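Here are my notes for you, as numbered points. I hope they are handy when you go through the coordinates yourself.

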Amino acid sequence: MSQKLKQARDQVQELLEKHPSLRDDNPRLVANIWHEELKSLGIEITPQITKVLTLISTELTSADSITRASRLLQETVSELQGRN
């Protein structure tokens with residue numbers, strides 16, 4: 001298992017144990033992970049950052065949905081396929 005995946009797994013486990021409400025809310029789980037990562041990078045958590053994380057977890061299309069749609073399109077529309 002890669003170091004990044006192990007670190008993510010450990011963070012997720014800690015949050016799921018600490019905040020059971022996140023067990024049924026993957027977007028909020030992601031927002032919480034990103035919040036902690038931003039803090040660890042020394043980025044000040046301003047009200048604007050909090051607002052963006054809230055939007056990501058509640059209003060914006062998830063990264064999973066976007067990449068899933070891209071894969072489905074590239075499977076069926078050859079003009080949209082990348083080099084790999």
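1. Let me start with a charged pair: the side chains of aspartate 10 and arginine 9 form a salt bridge, with N and O 3.5 Å apart. The term stands for a side-chain nitrogen of Lys or Arg within 4 Å of a carboxyl oxygen of Asp or Glu. Aspartate 10 is partly exposed at 32% relative accessible area, and arginine 9 is partly exposed too, at 40%. (Buried is under 20% relative accessible area, exposed is over 50%, and partly exposed is in between, with a 1.4 Å probe and protein chains only.) Arg9 and Asp10 also belong to a network of salt bridges that includes Lys6.

2. A word on provenance: this is a predicted model, in which local features need pLDDT of at least 70 and side-chain atom pairs count only at pLDDT 80 or more, while totals for chains, interfaces and linings use all residues. Numbering runs from 1 along each chain as its sequence is written, and side-chain values use heavy atoms, leaving out hydrogens and water.

3. How many salt bridges does the structure hold? There are four. One of them joins aspartate 25 to arginine 28, where the closest N and O atoms are 3.8 Å apart. Aspartate 25 has 23% relative accessibility and is partly exposed; arginine 28, at 33%, is also partly exposed.

4. Glutamate 36 and lysine 39 make another salt bridge, at 3.6 Å from N to O. Both residues sit in helix 2 (residues 26–40), three residues apart, or about one turn of the helix. Helices here are DSSP runs of H or I with at least four residues, numbered from the N terminus. Glutamate 36 is partly exposed at 37% relative accessibility, and lysine 39 is partly exposed at 42%.

5. Helix 2 itself has 15 residues and spans 21 Å from its first C-alpha to its last, close to the 21 Å expected at 1.5 Å a residue. That expected span is 1.5 Å times one less than the number of residues. Which residues of helix 2 are buried? They are Leu29, Ala31 and Ile33, and their cover includes helix 1 and helix 3. Just after helix 2, glycine 42 has a positive phi of about 85 degrees.

6. For the packing of helix 1 (residues 3–18) on helix 2, the axes come within 11 Å and cross at roughly 115 degrees. Axes are lines fitted to C-alpha atoms, for helices over the stretch in contact, and angles run from 0 to 180 degrees between N-to-C directions. On the helix 1 side, Gln11, Val12, Leu15 and Leu16 meet Leu29, Asn32, Ile33 and Glu37 of helix 2. The residues of this contact divide into five nonpolar, two polar and one charged. In that count Ala, Val, Leu, Ile, Met, Phe, Trp, Tyr, Cys and Pro are nonpolar, Asp, Glu, Lys and Arg are charged, and the others, Gly among them, are polar.

7. Two serines are worth a look. Serine 57, in helix 3 (residues 47–58), is buried, with a relative accessible area of 13%. Leaving aside residues up to four places away in sequence, serine 57 touches Pro27, Arg28 and Ala31, a contact being heavy atoms within 4.5 Å. Serine 70, in helix 4 (residues 63–76), is partly exposed at 32% relative accessibility. Serine 70 and glutamine 81 are eleven residues apart in sequence, with 9.1 Å between their C-alpha atoms.
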